[in-house]
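Let's take a walk through a protein model together. Please keep the sequence and the 3D view open side by side as you read.

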Amino acid sequence: MRLAFEAARRGIRELQTPFGAVIVKDGQVICSVHNVVWKTSDITAHAEVHAIRMACRKLRTIDLSGCVIYSTCEPCPMCFAACHWARLSKIYYGARIADAEAAGFSELTISNDQMRSLGGSTIEIVGDVLRDEGTELFRLWQRQKRHRPY
């Protein structure tokens, strides 16, 4: 999780939004990335989607079974769906979707637990991992005078 926090801090320094994600397989880090929406002008380039794209390229597969994603914030519905379709085994996240919304992000406040239940997903979800550090990323981003509004 701490690698995901560091990735998010790198993103903040690069004027991206404060989200990071790391994908691990068999104890090995496959990728550690941050949100690149502004850099790429791609609204779908959230940290989790960016990480899934990189992991798929690196592992040369679209099936990430056995992989775990660590996300600084609870994945949004788009990112949760991408995690599900990539067949990730587990999601660990720090801050909650509600924390992102409180920081000014335009969120669809549907929790990962709700989506998993409604969609019949088998992905395991572990939330609130180092949540205080996750919410601190939002404050760090807000203090940055050059940050872009979301």
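**A guided tour**

We begin at S121, which sits in the loop between α6 (112-119) and β5 (124-126). Helices (H or I, at least four residues) and strands (E, at least two) are DSSP runs, numbered from the N terminus. Before we go on, a word on the model: it is predicted, so local features need pLDDT of at least 70 and side-chain atom pairs count only at pLDDT 80 or more, while totals for chains, interfaces and linings use all residues. Residues are numbered from 1 along each chain as its sequence is written, and side-chain values use heavy atoms, with hydrogens and water left out.

Is S121 buried or exposed? S121 counts as buried because its relative accessibility is 12%; buried means under 20% relative accessible area, exposed over 50%, and partly exposed in between (1.4 Å probe, protein chains only). Leaving out residues up to four places away in sequence, S121 touches F80, H84 and R116, where contact means heavy atoms within 4.5 Å. With H84, the side chain of S121 also makes a polar contact, side chain to side chain, at 2.9 Å. A polar contact is a pair of N or O atoms within 3.5 Å; within protein, one must be able to donate a hydrogen and the other to accept it, and residues adjacent in sequence count only if both atoms are side-chain atoms.

Next, find A45 in the loop between α2 (37-40) and α3 (47-59). A45 is buried because its relative accessible area is 2%. Again not counting residues up to four places away in sequence, A45 touches N35, V36, V37, T40, H50 and R53.

Now turn to strand β3 (residues 67-73). Why is β3 described as largely enclosed by the rest of the structure? Because six of its seven residues are buried. With strand β1 (residues 20-25), β3 pairs in the antiparallel sense over five bridges; two strands pair if DSSP finds at least two bridges between them. In β3, V68 stands opposite V24. With strand β4 (residues 90-95), β3 pairs in the parallel sense, over five bridges, and here Y70 stands opposite Y92 in β4. Together, β3, helix α4 (residues 77-85) and β4 make a right-handed β-α-β unit. Right-handed means that, with the strands pointing away from the viewer, the path from the first strand over the helix to the second runs clockwise.

Our last stop is charged side chains. How many salt bridges does a search of the whole structure find? The search finds nine, a salt bridge being a side-chain nitrogen of Lys or Arg within 4 Å of a carboxyl oxygen of Asp or Glu. One of them joins the side chains of R2 and E133 (2.5 Å, N to O). R2 lies in helix α1 (residues 2-13) and E133 in helix α7 (residues 131-143), so this pair ties together parts that are 131 residues apart in sequence. Another salt bridge links D42 and R53, with the closest N and O atoms 3.5 Å apart. D42 lies in the loop between α2 and α3 and R53 in helix α3, so the parts tied together here are eleven residues apart in sequence. D42 counts as partly exposed at 24% relative accessibility, and R53 is partly exposed at 34%.
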